[in-house]
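Please examine the sequence and the structure shown below. The report that follows describes one residue, then one chain and its interface.

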Amino acid sequence: MNVADWVVFLGTLGGIAAYGSWRTRQIRSLNTYLKGRRSTGWVTIGLSVMATQASAITFLSIPGQASRVASDSCRIIFGLPLALIIVSGVFLPMYRRFGVYTAYEFLGRRFDWKTRLLGAGLFLLQRGFAAGVTIYAPAIILSTMLGWRLDLIIVFIGFLVIVYTVTGGSEAVSLTQKLQIAVIFVGMVTAFIVLLIELPAGLGFDGAAHIAGALGKLQAVDLSIDPSRRYTLWTGLLGGLFLALSYFGTDQSQVQRYLGGDSLRESRLGLMFMRS
Amino acid sequence: MTGPLPPDQRFDDEPPDLPGFHAWRSVYLFVFGWFVLVVILLAVFARIFS
């Protein structure tokens, strides 16, 4: 790793977490801890929602999967815009109207404590497993790159995340995610530029796109109505709609992001901005 | 905790307050239209380079 790599690595891992803890050191009330200061603007909400769904796993697994099975699996996101419109128009006003802290609190008030407990329990179980994989996968990369012990890296990353989340609550998460997504965007743009520069002489973007097209890597839209085909525009719309509805509408990791908005308008715009 | 939910109507009528958008319905239509455009562009891109 060169100096630039170390700056990005340490800045992302340590600097952002330290900044999040420092900026939110004054938070004392439960309301602020769980929902933030309720002054979060739509840009922060949108970026935070985006960062929450884009874990390290996204960048490690999706490119590999996309190169192996073309863009099939990407079609699952076709249902996302419809789901976000429904969340924005139906779920969000409902949560804000009743002033709940969590999606599961709403379940408890609408139904009973057993339903709330089941929803919250399933979320914690699911998130617990997901967090394990989310930390484990990048830890393998770091362990290989740095030659450090895998178990120590897992403990270190977990400890770092727990520290700024526990000390700063929801606002620390939103703040740090805004910076993390900025690093991700800069990385994506840099990778794309490097990719163009490193293309073989005489090939160019046009030639590379033709090769990708000939290999079937650009077939993002499949209008087939054959029910035996797994990923089409229609299965993406239908399956993706319900997948995204459950994730963006009822998963606390997402709900918490937009409940921290200054107003219903900011929360709604944040979701629409994220979609666009 | 069960029972009827206390409705708070303050949140029902916040306009989007964006230039050119006076109701949330028009914002949603714009987002949906944008999505349709992206799908069409993806299909065109694939056809051009196939």
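Gln252(A) lies in helix H11 of chain A, residues 252–259; helices are DSSP runs (H or I, at least four residues), numbered from the N terminus. Because its relative accessibility is 8%, Gln252(A) counts as buried, the term for under 20% relative accessible area with a 1.4 Å probe, protein chains only. Its side chain reaches the backbone oxygen of Tyr101(A) at 3.2 Å. Beyond neighbours within four places in sequence, the residues in contact with Gln252(A) (heavy atoms within 4.5 Å) include Tyr101(A) and Phe123(A).

The model is predicted: local features need pLDDT of at least 70 and side-chain atom pairs pLDDT 80 or more, whereas totals for chains, interfaces and linings use all residues. Residues are numbered from 1 along each chain as written, chains are lettered from A and ligands numbered from 1 in written order, and side-chain values use heavy atoms, without hydrogens and water.

Chain B has one helix and zero strands; a strand is a DSSP run (E) of at least two residues. Of its 50 residues, 22% count as buried. Among the buried residues of H1(B) are Trp24(B), Phe35(B) and Ala46(B).

| Item | Value |
|---|---|
| Residues in contact | 29 residues of chain B, 36 residues of chain A |
| Area buried between chain B and chain A | about 2,900 Å² |
| Share from carbon and sulfur atoms | 70% of the buried area |

Buried area is the accessible area (1.4 Å probe) that two parts lose on being put together, summed over both.

Definitions and conventions
Polar contact = N/O pair within 3.5 Å; in protein donor to acceptor, adjacent residues only side chain to side chain.
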